[in-house]
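Come along and check each pair with me.

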Amino acid sequence: MKRLIVAVILSVAVFLLSFARWPCLRQTKPVNLTYAQFQPAAHFNNKLSEDYAKEIEKRTNGRVKITVFSGGTLIAADKTYSGIVTGIADMGMSCMAYTRGKFPLSEVSICLWV
């Protein structure tokens with residue numbers, strides 16, 4: 001009996017919350033993010049990054065916009081991690097060789113793969 005009461009209360013709560021108007025869902029300004037990419041504009045990985053940015057914008061109905069900076073124009077390749085940490089860019093693509101010692105578990109997985 002207690003389980004039934006709890007289930008009914010949770011169901012009603014979920015139903016009512018689904019119709020709530022959260023302020024974060026009514027955001028009018030889009031979120032603009034920067035994506036630092038070190039490969040040149042014609043590189044395959046850069047094309048993938050641009051497609052990713054377009055897909056995010058499409059799936060969020062334009063609420064999230066990502067600007068891809070290719071060719072190391074925003075951050076140099078070996079400075080991508082520190083540039084994201086310091087706020088120069090919001091996102092970035094880098095190589096494990098540029099962040100030696102910062103992600104030891106990732107380095108272990110690469111060693112195991114090779």
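Entry one. I found Lys65 in a salt bridge with Glu57, their closest N and O atoms being 3.2 Å apart. For this I count a side-chain nitrogen of Lys or Arg within 4 Å of a carboxyl oxygen of Asp or Glu. I also looked up how open the two residues are: Lys65 is partly exposed at 31% relative accessible area, and Glu57 is partly exposed at 30%. My cut-offs are under 20% for buried, over 50% for exposed and partly exposed in between, with a 1.4 Å probe and protein chains only.

A note on the source. This is a predicted model, in which local features need pLDDT of at least 70 and side-chain atom pairs count only at pLDDT 80 or more, while totals for chains, interfaces and linings use all residues. Residues are numbered from 1 along each chain as its sequence is written, and side-chain values use heavy atoms, leaving out hydrogens and water.

Entry two. Which residue does Lys58 bridge to? I found Glu55, with the closest N and O atoms 3.7 Å apart. Both lie in helix H2 (residues 44-59), three residues apart, about one turn of the helix. Helices here are DSSP runs (H or I, at least four residues), numbered from the N terminus. Lys58 is exposed at 57%, whereas Glu55 is partly exposed at 28%.

Entry three. Asp78 pairs with Lys79 in a salt bridge, the closest N and O atoms being 3.7 Å apart. Shared partners join Glu55, Lys58 and Arg59 into one salt-bridge network.

Last entry. My tally by this rule is four salt bridges.

Definitions and conventions. Helices (H or I, at least four residues) and strands (E, at least two) are DSSP runs, numbered from the N terminus.
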